[in-house]
Amino acid sequence: MVWFVSVAIALILCGVAFLFGRAMRSEAEPGSPESDRGLIVIVLAIIVFVLWVGAHTALSALKQVEAGSVAVVYQFGEIVGSRGEGLQFIAPWQQVRTESIKVQRARFDNVSGFSKETQDVIISATVNYRVDPAAVEDLYREVGPNWFDILVEPRINQFFKAETVKYNTVDIAPNRETIRNDVKNELAKDLQEYSVTVEDLLIDNIDFTDQFKASIEEKQIATQNALREQERVAQREAEALQRVAEAQGLADAEVARANGEAEARVVRATAQAEANRLLNESLTPLVIQFLAVDKLSPNVQIALIPSGQGIIIDPASLLSGIAPGDEDGTTFTTTGSSTAGAGTGDGN
């Protein structure tokens, strides 16, 4: 467009100069100075026009196509070809639109969907994609320069709606990877016929309505309270079991102690019985009499001895240790069924 305006201005200005020079030449006599000046004006007008149009054409026709891009060439609204990256010569009356063939990133915020219970689901996603360089011209011809808005954006919304409706609301977040893969596969398959490759699709965020989030929070609080109560019940049960175990241990210890004492009594009784048996076998009447006499206190004055028991004690052996005339001497007397010994100083 600029080139056409520039050429038109050059044509007008140089045309006026050309006509002015021609008029000067026609009015002057041949070979006169006026005729020569008219010729010079004509020549200058032609030279200026050629230089103006040529320079502007050269500057307008040389275009730089950036690396990783393809230029689609339009001529009067019609696509007539495409150019690769680098310095390209494109006619000034032609226009170009560049399309990147590098991996590009597009973010989609607030992609709305529904869960199985018709709860609102809001998803933020990012798509990485690229276009086949050989297919750019056909893509522009069949779909248009705004092909991304026509092909990708509506499919993103459609595929996410189709996937989220398969799950209950509480199951959407745990299954985000499955949803991501399914949407990516569907999108890649749908765009393949347009030579658009989906490199990756990422789910940046999954959100729900404020009412649903409030209900989820209340449910979590109730669940946490229930878990804490269960922990308290479990703790009380553990304490009760511990007390039962302690009581059982004390009871077992008491039983063991009683069994030990009983066994000890049995052992002592058995030992005592054995000792009594051995003692009974070793005792004779004479030994018993000897032990009885041996146990008498040195200061005994009276001893009652039962009669008829076969006890024989020689008073002389008892009195042998008393000197004649000792006032504290000892005398044994037998009365009734008993034998008595009385020790007095008169010797009776």
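Let's start with Glu 229, which counts as partly exposed at 37% relative accessibility (buried means under 20% relative accessible area, exposed over 50%, and partly exposed in between, using a 1.4 Å probe and protein chains only). Keep in mind that this is a predicted model, where local features need pLDDT of at least 70, side-chain atom pairs count only at pLDDT 80 or more, and totals for chains, interfaces and linings use all residues. Residues are numbered from 1 along each chain as its sequence is written, and side-chain values use heavy atoms, with hydrogens and water left out.

Glu 229 pairs up with Arg 232 in a salt bridge, with the closest N and O atoms 3.0 Å apart (a salt bridge is a side-chain nitrogen of Lys or Arg within 4 Å of a carboxyl oxygen of Asp or Glu). Both residues sit in helix 7 (residues 210–282), three residues apart, or about one turn of the helix. Helices here are DSSP runs of H or I with at least four residues, strands are runs of E with at least two, and both are numbered from the N terminus. Arg 232 is partly exposed too, at 40% relative accessibility.

## Another pair in helix 7

Further along, Glu 261 and Arg 265 meet through their side chains in a salt bridge of 3.7 Å, N to O. They are four residues apart in helix 7, so about one helical turn separates them. Glu 261 has a relative accessible area of 32%, which makes it partly exposed, and Arg 265 is also partly exposed, at 48%.

Asp 190 forms a salt bridge with Arg 155, the closest N and O atoms being 2.6 Å apart. Asp 190 belongs to helix 6 and Arg 155 to helix 4, so the pair ties together parts that are 35 residues apart in sequence.

Arg 155, in helix 4 (residues 147–164), is buried at 16% relative accessibility, while Asp 190 is partly exposed at 25%. Leaving aside residues up to four places away in sequence, Arg 155 touches Ile 150, Leu 187, Asp 190, Leu 191 and Tyr 194 (contact means heavy atoms within 4.5 Å).

The structure holds 16 salt bridges. Some join up: Glu 177, Arg 180, Lys 184 and Asp 200 are linked in a network of them.

## A buried serine

Ser 69 is found in strand 2 (residues 69–75). With a relative accessible area of 10%, Ser 69 is buried. Not counting residues up to four places away in sequence, Ser 69 touches Gly 84, Glu 85, Glu 99, Ser 100 and Ile 101.

## The whole protein

Stepping back, the protein has nine helices and 11 strands, and 25% of its 348 residues are buried. Among contacts with a separation of 6 or more, 60% are between residues 24 or more positions apart. The accessible surface comes to about 23000 Å², with 57% belonging to carbon and sulfur atoms; such areas come from the Shrake-Rupley method with a 1.4 Å probe, and for residues only the protein chains shown count as cover.

## How confident is the model?

The mean pLDDT of the protein is 77, and 80% of its residues reach 70 or more (pLDDT is the predictor's confidence in each residue, from 0 to 100). Over residues 319–348, pLDDT stays under 50, and the model has 45 contacts beyond four places in sequence for them.
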